[in-house]
Amino acid sequence: MNGIQALALGNYSDAIWHPFGGIDKEIEQIFAERIDVRSTGDYGMLKEDYLSPYRLFISYTEFLDEKLSQERVAALLSFVAKGGGFLGIHNGISLQRNQELATMIGGRFVSHPDYTALPIHILEPNHRIMDRVEPFTVNDEPYRFDFDPYVRTTILAEYEHEGERWPAAWMHQYGLGRVVYLMPGHEISAFKVEAYRKLILNAGLWAAKAI
């Protein structure tokens, strides 16, 4: 057992586009030597008492029409504001369906062109999250975002698509906590890319204040 505990939330049987099965094991393996990750599909875990043992919350939640209850939203906001870490991966930005969580994450998904090969370029090589992360290419959905004008965030990496560059990773503080969002992750193949595995590990450790 590691000293740091993380909770990863995704959708299993009710996933439309992004089933958590298989992805959950990849995330657990990425963090295995540094953080103990508990994967769950139970949104009922979004309760202050249940979140309190964890240092990191990982979102791989599905895009669903149903919003979270205000009690669950408040529990997650409180967890991060009081010092917890938040790591959103790919569709994990779907928590944006609640405005308060969209503000915490710092951006909103708006659309994506077709799945394709995306070169990832490093913008902040000296940030701890990007330590020893080399540029890489991943096959994925090129998500487009709108950013909250009132949230100061740092773009860590961009992806290249059709001659332009778009945000692929960002980070910022939220209260006493730390937030990181990573765009790739539509399929298990993305989690097999060694440079991306390193990026996920660094992002989780930074968000959990372990580096």
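Is Phe109 buried or exposed? In this predicted model, Phe109 has a relative accessibility of 18% and therefore counts as buried, the limit for that class being under 20%. Phe63 likewise has a relative accessible area of 18% and is buried. The rings of Phe63 and Phe109 form a tilted aromatic pair, with 5.2 Å from centre to centre and 50 degrees between the planes. Phe63 is located in the loop between strand E3 (56–60) and helix H3 (70–81), whereas Phe109 belongs to strand E5 (residues 107–111); the pair therefore ties together parts that lie 46 residues apart in sequence.

An edge-to-face pair is formed by Tyr143 and Phe145, for which the centres are 6.2 Å apart and the planes make an angle of 65 degrees. Tyr143 is buried, at 1% relative accessibility, and Phe145 is buried as well, with a relative accessible area of 12%. Both pairs belong to one aromatic cluster, which is made up of Phe63, Phe109, Tyr143, Phe145, Phe147, Trp170 and Tyr181. In total, the structure holds 15 aromatic pairs. Another aromatic ring, that of Trp166, has the charged end of Arg144 over it, 3.8 Å from the ring centre.

The strands were examined next. Nine of them form an open sheet of mixed pairing, in the order E2-E1-E3-E4-E11-E10-E9-E6-E7. Strand E2 (35–40) and strand E7 (136–140) are the edge strands, each pairing on one side only. From one strand to the next, the twist averages 25 degrees. Within the sheet, strand E10 (residues 164–174) and strand E11 (residues 177–182) run antiparallel and are joined by six bridges. Met171 stands opposite Val180 of E11.

Two helices are placed against these strands. Helix H3 lies across E3, strand E4 (85–89), E10 and E11, and runs at about 110 degrees to E11. Helix H5 (residues 194–207) also packs on the sheet, where it touches E2, E3, E4, E7, E10 and E11; the direction of H5 makes about 165 degrees with that of E11.

Gln5 provides a local view of strand E1 (residues 4–10), in which this residue is found. Beyond the neighbours within four places in sequence, Gln5 is in contact with Ile35, Asp36, Pro53, Tyr54, Arg55 and Leu56. The side chains of Gln5 and Asp36 are joined by a polar contact of 3.4 Å. By contrast, 24 Å separates the C-alpha atoms of Gln5 and Gly106, which are 101 residues apart along the chain.

Definitions and conventions. Residues are numbered from 1 along each chain as its sequence is written. This is a predicted model: local features need pLDDT of at least 70, side-chain atom pairs count only at pLDDT 80 or more; totals for chains, interfaces and linings use all residues. Side-chain values use heavy atoms; hydrogens and water are left out. Rings of Phe, Tyr and Trp (its six-membered ring) pair if their centres lie within 6.5 Å; planes under 30 degrees apart count as stacked, over 60 as edge-to-face and the rest as tilted. Helices (H or I, at least four residues) and strands (E, at least two) are DSSP runs, numbered from the N terminus. Buried means under 20% relative accessible area, exposed over 50%, partly exposed in between (1.4 Å probe, protein chains only). A charge sits over a ring if NZ of Lys or CZ of Arg is within 6 Å of the ring centre and within 35 degrees of the ring normal. Contact means heavy atoms within 4.5 Å. A polar contact is a pair of N or O atoms within 3.5 Å; within protein, one must be able to donate a hydrogen and the other to accept it, and residues adjacent in sequence count only if both atoms are side-chain atoms. Two strands pair if DSSP finds at least two bridges between them. Axes are lines fitted to C-alpha atoms, for helices over the stretch in contact, and angles run from 0 to 180 degrees between N-to-C directions.
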